[in-house]
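Reader: Hi! Could you walk me through this one?
Author: Happy to; here it is.
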Amino acid sequence: MSEVRVRFAPSPTGALHIGGVRTALYNYLFARQNGGKFILRIEDTDSSRFVPGAEQYIIDSFNWLGLTFDEGVHIPNEEGISYRQSERKPIYKRYADLLVDKGLAYIAFDTPAEIEVKRKEIANFQYDSTTRNAMKNSLTLSADEVKQRLTNKEQYVVRIKIDPGENIEINDLICGHVCINSSVLDDKVIWKSSDGLPTYHLANIVDDHLMRISHVIRGAEWLPSAPLHVLLYRYLGWADSMPQFAHLPLILKPDGNGKLSKRDGDRLGFPVFPLQWADPKTGEISTGYKEQGYLPEAIINFLALLGWNPGTEQEIFSLDELIHAFSFNRVSKSGAKFDIEKAKWFNHKYLQNKSNTEISLEFQQILSQKDIKAPLNYIEQIVALLKERISFVADMWEQSHYFFIAPTTYDEQVIRKRWKENMGNNLIEILHIIESVQPFDKTKAHDLTMDYIQQHELHLGHTMNCFRLALVGAAKGPDLFEIINLLGIEETKKRVLQAVSTIENKL
């Protein structure tokens with residue numbers, strides 16, 4: 001195999017979709033596996049859809065995800081190569097003119113209004129071999145009239161000229177053998193005089209050739225365009241160096257059919273962008289995976305398995321392991337349903353591998369926002385106790401707030417179900433037993449408490465849940481004696497006496 005060179009080529013028309021991230025990831029894995037190059041190219045030929053800030057957002061997203069490019073729009077190079085298509089206009093014009101000169105493309109002067117009239121006259125109209133002879137183009141107009149129109153600076157487009165009746169075959173690395181007859185293809189616009197820019201089709205082929213791209217790895221939505229691209233390679237004389245194609249399965253919405261969209265994320269309450277995005281046109285702010293507390297390595301692992309499987313039961317992969325294991329023959333041909341719960345599961349797994357100190361430092365920032373100050377070693381002990389219960393660092397507050405703020409209300413359902421006659425006195429007696437364990441020892445305090453409950457024939461569940469209620473405000477949390485150990489005897493005593501007084505006065 002010659003040098004592997006792959007590219008991720010997004011358009012700067014808004015935030016980077018999570019589906020685009022997966023496409024980039026598969027390109028990255030294949031490049032790294034083969035010692036190749038991973039290139040970032042910005043395809044900004046559609047000037048009407050350009051969104052300020054989108055290009056930098058794409059770069060920032062990959063920096064956060066840890067996917068590094070070897071060449072790209074943001075990486076200086078000594079050759080003076082631009083990876084931004086709007087800066088390569090003369091190159092595309094040269095190849096558009098070449099195709100016209102070879103009779104493989106033609107100039108069309110039809111206005112949008114004239115084409116719209118044809119659409120109304122002809123059902124399912126498309127500009128192709130059956131209709132172009134009735135249109136205003138260099139195939140139907142005299143050479144003198146074409147020259148005069150160009151001299152008058154009339155706006156025009158260049159269309160590829162596709163002859164009908166040819167089977168165009170593609171051997172896709174994922175989809176296998178694909179054959180499409182040229183009769184169904186239209187004469188696509190490949191260059192526009194209005195802005196001097198090519199359309200995606202011409203720019204894509206020219207850049208892939210000049211940048212020596214060996215494999216085009218992209219979403220399945222581009223498969224219908226592949227025959228046109230094959231023809232362009234052939235028309236330009238580059239058939240022998242045409243890259244191999246691999247069209248990835250779509251990422252589908254979690255419910256129903258169809259491609260995952262931002263609307264699905266908004267509707268179901270999950271992000272579809274890696275980072276927060278502020279739309280400069282509407283002012284709308286969309287949260288990202290980073291802001292929701294996802295770890296980049298968890299997102300990478302999740303996306304890698306969204307359409308590819310390793311053929312084993314392994315689910316947790318480091319980036320290096322993914323590079324080693326990835327292969328196109330295990331990429332699914334059908335779409336992959338997006339499962340946000342699985343994404344949360346991955347985040348939980350990766351969070352468990354973080355040190356208690358790392359999590360504590362992040363959690364300390366959350367506490368600071370709530371005007372709560374606590375020693376880091378105290379926070380670390382809480383994190384060690386509750387770490388397995390959380391999927392995000394932000395979950396720590398819900399799981400641990402009672403370690404920082406004493407409860408002022410108590411779960412009414414627990415009181416109705418558990419708080420029986422003489423419960424207050426029993427809790428105070430147990431408190432005295434726990435106080436007597438000096439220095440405090442969790443195991444000894446537990447055993448003495450169990451002895452008291454057994455000797456007085458108390459209901460174990462009722463008693464322990466009510467003691468927990470006094471400390472937490474609800475029947476939840478980790479081991480009761482771990483809570484007591486962290487709160488300390490004085491705080492425990494204060495909370496039990498307060499809870500007994502508050503609850504007994506209401507009964």
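Author: A term to start with: contact means heavy atoms within 4.5 Å. This is a predicted model, where local features need pLDDT of at least 70, side-chain atom pairs count only at pLDDT 80 or more, and totals for chains, interfaces and linings use all residues. Residues are numbered from 1 along each chain as its sequence is written, and side-chain values use heavy atoms, with hydrogens and water left out.
Reader: Thanks! What is Arg 132 in contact with, beyond its neighbours within four places in sequence?
Author: Its contacts include Tyr 106, Tyr 127, Lys 161, Asp 163 and Asp 187.
Reader: And is Arg 132 buried or exposed?
Author: Arg 132 counts as buried because its relative accessibility is 6%. Buried means under 20% relative accessible area, exposed over 50%, partly exposed in between (1.4 Å probe, protein chains only).
Reader: Where does Arg 132 lie?
Author: In the loop between α4 (112-121) and α5 (143-151). Helices (H or I, at least four residues) and strands (E, at least two) are DSSP runs, numbered from the N terminus.
Reader: New topic: how many residues has the largest nonpolar core?
Author: It has 154 residues, and Phe 338, Phe 403 and Phe 404 have the most contacts inside it. Such a core is a set of buried Ala, Val, Leu, Ile, Met, Phe, Trp, Tyr and Cys residues joined through side-chain atoms within 4.5 Å. Helix α1 (residues 18-33) gives the largest share of this core, nine residues. Apart from it lies another core, of seven residues, including Tyr 106, Tyr 127 and Val 157.
Reader: Which residue is the bridge partner of Val 157 in β8?
Author: That is Lys 192. Strands β5 (residues 157-160) and β8 (residues 189-192) run antiparallel and are joined by three bridges.

Conventions: Two strands pair if DSSP finds at least two bridges between them.
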